[in-house]
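Here's a quick briefing on how the pieces of this fold sit against each other. Have the model open while you read, and check each point as you go.

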Amino acid sequence: MANVYSMETPSSLLPFSSIHNLKLESTLQDLSLYDVQVDINQPGMILTQKLEVNPLIPGVILTENDQFNGMISRRRFLERLSRPYGRELFLQRSIRSLQRFSQTELLVLPGNTLIVEAAHQAVQRSPELLYEPIIVQLTETIYQLLDIQQLLVAQSHINQLTTELLRQQAQSQLIQTEKLASLGKMVAGVSHEIRNPVSCILGNSSCLLNYYQDLIKLIKSYEDNLEKPCPAIDDVKAEIDFEFLQQDLGEAIKSILVSSERLGQLVNSLHSFSHIGGNQRREINIHDCIDGTLLILKNRLKQGIEVVKNYGDIPLLKCYSGQLSQVFMNLISNAIDALEEAEQNGQKFPKIEIDTQVKMLSEDQIYPAQLAQLSQGNRLLYSLPIYKEAIDQDILNIDVNSEWLSICIRDNGMGIPQEIQARIFDTFFTTKPPGKGTGLGLAISYQIISEKHGGQLNFVSTPGVGTEFEILLPIF
């Protein structure tokens, strides 16, 4: 609630509200406001008395029949009195006549207006009104005054808080990026070391299966050509349960072969995923990239989550495969988290659908709202210098008539609450408990899609129904 100073408050007790208690979301009602009111029908001398009692009061609220009627500032009141015959004209007459001559445009803001927004509106006023106090409406009938200097001091403090927060966020993001880079190098090294023994197991398992089949064929040939049964051989076959061994050994070798093939695929997926920072684009099959990500996440998908893949006929895409794998990892992981939360709330039949297709987009669909762009002919030109430095140079010119690759990842979880949908791409914004979410996944994914690939990352979410993310990538 606002700190309110009445006319009787000694000036020594009228410091600005403690700016150290302000936050980024602080509003006008968190500041010290002045509650000085006078009826418009009283003589002007009353204004003089009120302003002389407390030299810090920026002005006086005018009322009529206890209803808000306006405001006159200290500066404008003194200006009127300093004119020839000003004291004779205004001090003995009602304040209404003074208001008639001093009427100006008033800035009236609700008490829940953010300090930053209020300061922005205040400085947008014309120069002659710049230092006029602001009227703060706390309730339907309660109005109080805010000194413009106090507002600007509060805004300056909030700007300092913002700068410090951005510095801390940048430092945290740098640390997280370094961790991810180190992890990527470690995974790349481990996957490379595992690849050789896995290849050995895979190759030898295939040979072992062939050898087994040849030996079984040889044993059967011996049996077919024996002139009479051999009791010694029959005893050994009974001892080792030859019929079971013959069947089970083949199945065991096939199981080793299938498992080693799967391990090889997993190693390849990890190896591709770890090359997030590659400097060169290469043509890849997006379906292989998605399948590799699903393979890495297979252990989490075992909890009864159905994955439906509706793959369309799409061409090879020239892109940064490791970075796209990271985007798929983030989006599918978030979908799994949403489905696990939905399951805890009693929802059944969790499902993730992944659709791919080629689209032709209209020109107005191609412009990302978050980037300032200019159109020149049939090409898109990123116009802001800050984005020119960040965006991959290969995508500064995109043919708006070209085809676009659409990748949709859809879940039937609880959906994203409407009140936070506008913030999900903000850096460090997360609804997950501490230790489970960094708030970087979607922010980094958006950056990879928009800045490195010239695409768009859009989403539609309905609470209680589910969420769909769509990745749109230009096909060069």
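**Helix against helix**

In this predicted model, helix α2 (residues 74-81) packs with α4 at an angle of about 100 degrees, and their axes lie 11 Å apart. Angles of 65 to 115 degrees count as roughly perpendicular, so that's the label for α2 and α4.

- On the α2 side, the contact comes from R76, F77 and R80.
- On the α4 side, L98, F101 and S102 make the contact.
- Sorted by class, the contact of α2 with α4 has three nonpolar residues, two charged ones and one polar one.

**The sheet**

- Three strands form an open sheet in the order β3-β4-β5, and the pairing is mixed.
- The edges belong to β3 (37-39) and β5 (67-73): each has a single partner strand, so one side of each has no neighbour in the sheet.
- Going from one strand to the next, the twist averages 35 degrees.
- β4 (residues 59-64) pairs with β5 in the antiparallel sense, over six bridges.
- If you want a spot to look at, find L62, which stands opposite G70 in β5.

**Helices on the sheet**

- Helix α1 (residues 45-53) packs on the sheet and touches β3, β4 and β5.
- The direction of α1 makes about 170 degrees with that of β3.
- Helix α4 (residues 95-102) packs on the sheet too, touching β3, β4 and β5.
- For α4, the direction makes about 65 degrees with that of β5.
- So what does α4 pack with? The sheet, and also helix α2.

Terms used:
Residues numbered from 1 in each chain as written. Predicted model: local features only at pLDDT ≥ 70, side-chain atom pairs only at ≥ 80, totals over all residues. Heavy atoms only, no water. Pairing = 2+ DSSP bridges. Helix = DSSP H or I, 4+ residues; strand = E, 2+ residues; numbered from the N terminus. Axes fitted to C-alpha atoms, helices over the stretch in contact; angles between N-to-C directions. Contact = heavy atoms within 4.5 Å. Parallel < 35°, antiparallel > 145°, perpendicular 65-115°, else oblique. Nonpolar A, V, L, I, M, F, W, Y, C, P; charged D, E, K, R; others polar.
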